[in-house]
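Work through the exercises below with the coordinates loaded. Try each task before reading its solution.

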Amino acid sequence: MSNKADTDPGHIFVYGTLRQGSNHPMARRLSAQARYVGQARANGRLYDMGWYPAAMFDESAPTRIIGDVFALPPGERLLAELDAYEHGDPNYARIPLDVSLVGTGTVLVWTYGVSKPPNSRVIPGAIF
């Protein structure tokens, strides 16, 4: 069994301002440079951070976070741009995670999440 920290997933799971169809400039860049794979979900909680949500992934959580998976293009450029976009909160980091693709199984992805619950309101149902 491989260690997630030693693996380059090659995919990214987004659940907020970067979802497919968003008019945010970084969402448009992601859609233009990466291939949309499909909708996916992961157990966890979403927190309302104002103009964006923050996810705390937890396999034992009773709620699911719904998002989109994209296959990243070769190279590190797009991932570096996404890291720069997501850099704000020191509690927020890019992590490897297994997500469930709707109708097709699981895939290892990069995603952005918090390591401890923020002092913010939980978004009910954890669907964004």
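**Exercise 1. How much space lies in the second largest pocket, and which residues lie nearest its centre?**

Solution. Start with the volume: about 170 Å³ lies in the second largest pocket. A pocket here is an open set of points on a 1 Å grid over the protein atoms alone, where a 1.4 Å probe fits, with protein on both sides within 12 Å along at least five of seven lines. Points are joined across faces, edges and corners, and the volume is the space filled by probe spheres set on them.

Next, the lining (residues with an atom within 4 Å of a point). Ten residues line the second largest pocket, and A42, N43, E59, L97 and D98 lie nearest its centre. Strands β2 (35–48) and β5 (92–101) each supply at least two of the lining residues. Strands are DSSP runs of E, at least two residues, and helices are runs of H or I, at least four; both are numbered from the N terminus.

The lining has five charged, three nonpolar and two polar residues. Asp, Glu, Lys and Arg count as charged; Ala, Val, Leu, Ile, Met, Phe, Trp, Tyr, Cys and Pro as nonpolar; the others, Gly among them, as polar.

The model is predicted: local features need pLDDT of at least 70, side-chain atom pairs need pLDDT 80 or more, and totals for chains, interfaces and linings use all residues. Residues are numbered from 1 along each chain as its sequence is written, and side-chain values use heavy atoms, without hydrogens or water.

**Exercise 2. Which rings does the cluster with F13 link?**

Solution. Search the whole structure: six aromatic pairs turn up. Rings of Phe, Tyr and Trp (its six-membered ring) pair if their centres lie within 6.5 Å; planes under 30 degrees apart are stacked, over 60 edge-to-face, the rest tilted.

One of the pairs is F13 with Y15, tilted, at 6.3 Å centre to centre and 40 degrees between the planes. F13 also pairs with F57: the centres are 6.3 Å apart and the planes at 65 degrees, so this pair is edge-to-face. The F13–F57 pair links distant parts of the chain, with F13 in strand β1 and F57 in strand β3 (residues 53–57), 44 residues apart. Together, ring pairs link F13, Y15 and F57 into a cluster.

Now check burial (under 20% relative accessible area is buried, over 50% exposed, in between partly exposed; 1.4 Å probe, protein chains only). F13 is buried at 1%. Y15 is buried at 4%. F57 is buried at 16%.

**Exercise 3. Is D83 buried or partly exposed?**

Solution. Locate D83 in helix α2 (residues 77–85). Its relative accessibility is 26%, so D83 counts as partly exposed. Then list contacts (heavy atoms within 4.5 Å). Leaving out residues up to four places away in sequence, D83 touches R94 and Y112. Follow R94: its charged end sits over the ring of W110, 4.4 Å from the ring centre. The criterion is NZ of Lys or CZ of Arg within 6 Å of the ring centre and within 35 degrees of the ring normal.

**Exercise 4. Which residues does E81 touch, not counting residues up to four places away in sequence?**

Solution. E81 is also found in helix α2. At 18% relative accessibility, E81 counts as buried. With that sequence exclusion, E81 touches M26, R29 and Q33.
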